[in-house]
Amino acid sequence: MKKHELLRTFYFCLIITAIIAAGFIYNNPKHWTGALYSSFIFSMCIGYSIHFLMTFYSPRVAKFGKILRHSIFFFLFLIGGLIGSEVGLGIETLTLGYRFSWNDQIPLLLMNFVLSALFGTIAVIYFTLRANVERMAAQLKEKELNEERLIRTKMEAELQALQAKINPHFLFNTLNSIASLISENPKAAESTVEKLSELFRYTLKSAETNLVSVAEELEIVRTYLEIEKVRFGERLQYDITCDDAVLDFMIPALIIEPLVENSIKHGISSEVHGGKIIIEASAADGNCRISVIDNGKGIDNENKAAGFGLRSVEERLQLRYGASSSLRVVPGERTHFLITIPLS
Amino acid sequence: MHLRAIVIDDEELARKRLRKMLRSYEKDLEVVDEAENGQDAVDKIETLHPDLIFLDIQMPGFDGFEVVRRLRYKPFIVFTTAYDEYALKAFEENSIDYLLKPIEQKRLDKAVEKLERVYASSKPQINENVERFLSLLASPPPKRLQVKSGDKILFIDIDSVAYFESKDKYTFLHTAEQ
């Protein structure tokens, strides 16, 4: 039983008490205390009888049609009126010592029936309207919150994609390599600048266009790896393979690249002798499966969310495909990330 | 003055570029060798005893800071890094010399000038700063944290921290109670 509902009924009954008592006192001002007392007792008894009947039955009749439901309510008001009247009479007898004969009771009961039906109807209309207004306000607020959340998640994802690319470590180290190449190997310097521009342009574009083909994404992965190869030389080996079946399959932009960046960080740059990164895209069991494997130390599913870029990949997958897609770690000697996206 | 230097960086192009830039000081400064990872660096420093090293921070195996910790023989150190937001502030505060990659010639000139000045007067001073800096890096974490809660500043024992939560631009601290 909710406390505020009980209190609400109490206030409502107080108002009815005041109205009825006013009527009696107007007719017979001499007995104002008795009128006030009786009005109070009967209002409260009948009010709470109806209150408990309604709290018990109204959820149980909610599925019925409007007319049937309101007929039941009306019937409940009469029952409530009867029960409340009898309890009220009992209290009057106990407290004031009155004895009520049947003849005395009948007009009282009739009056209470009328009042119960009247005030019951008013109460139901009032509380229903108020509940509707409250529900609508809550729904509106919930909708606004949801929209705001969606926009924010999308913006965060875009921002993260950009920030991940403008990784200062990557940028300044690459610029340093280019500065060195300008005199060492001007051709290579030129081509590295071109690749860097291509990568940044792709990143900027990906914030606008959300979907790209697997072939496009793999091309940018290759560009990225070629830039890193300038820095790491022989320490970085890589291999990209893709089934023809998924070449044109559309995926969110920058969803493979962050995994490769992660492999560079944990499988290449931290290893004295470097390593090899293997990227495979294939179709299996109605899914597009994309693997990024490096010979880093391996990782478990609990720790995968640690990386900023990886979390962003996972969030964007969830946002677009829900639970039917996943980014998970395939257990084993090497670090193996597997993206699964349903083909249809 | 004749300084013997080792250039330490895991990227070949980075080493080449620095060596090329240092050629303009070849009268006073000679690059005697280069190293491409932490272990390599420690080995070469201990055998060659250079006056000066240019030391990259991010390297495979162990990083530049670890190299300094493991050295018994301590040369002058100029750190090089592409980006390291935490170390940079600490470098400034401890007046340790560092160069940001891509290294600018002007900035390198300053570093070498400073080196010549200090070398002439008090050799150990720079390294004292490095030692202090490294001990800062290795110092134990604080026992209590100051946390702003509404208008109040609370002192929270590290031990009573349940977890930290990152939300919008703030980090929230949660204890077991709240």
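Which residue is the bridge partner of A:Ile278 in β5(A)? That partner is A:Ile293, and the pair belongs to an open sheet of five strands in chain A. This is a predicted model, where local features need pLDDT of at least 70, side-chain atom pairs count only at pLDDT 80 or more, and totals for chains, interfaces and linings use all residues. Residues are numbered from 1 along each chain as its sequence is written, while chains are lettered from A and ligands numbered from 1 in the order in which they are written.

**The sheet**
- Reading across, the strand order is β2-β4-β5-β7-β6 (chain A), and the pairing is mixed; strands count as paired if DSSP finds at least two bridges between them.
- Helices (H or I, at least four residues) and strands (E, at least two) are DSSP runs, numbered from the N terminus.
- At the edges sit β2 (236-242) and β6 (326-329) of chain A, each pairing on one side only.
- From one strand to the next, the twist averages 15°; angles run from 0 to 180 degrees between N-to-C directions, and axes are lines fitted to C-alpha atoms, for helices over the stretch in contact.

**Around β4(A)**
- β2(A) and β4 (residues 275-284) of chain A run parallel, joined by seven bridges.
- On that side, A:Gln237 has A:Lys276 as its bridge partner, and A:Asp239 stands opposite A:Ile278.
- With β5(A), β4(A) runs antiparallel, and eight bridges join the two.
- These two strands make a hairpin with two residues between them, and A:Asp285 in the turn has a positive phi of about 55°.

**Helices on the sheet**
- Helix α7 (residues 214-232) of chain A packs on the sheet and touches β2 and β4 of chain A, with its direction at about 170° to that of β2(A); contact here means C-beta atoms, placed from the backbone, within 7 Å.
- Helix α8 (residues 257-268) of chain A also packs on the sheet, touching β2, β4, β5 (287-294) and β7 (335-342) of chain A, and its direction makes about 150° with that of β4(A).

**Helix against helix**
- Two packed helices are described by the angle between their axes and the distance between the axes.
- For helix α5 (residues 168-184) of chain A and α7(A), the angle is about 65° and the axes are 10 Å apart.
- The residues making the contact are A:Asn173, A:Thr174 and A:Ser177 of α5(A), plus A:Ile227, A:Val230 and A:Arg231 of α7(A).

Conventions. Two residues are in contact if their C-beta atoms, placed from the backbone, lie within 7 Å.
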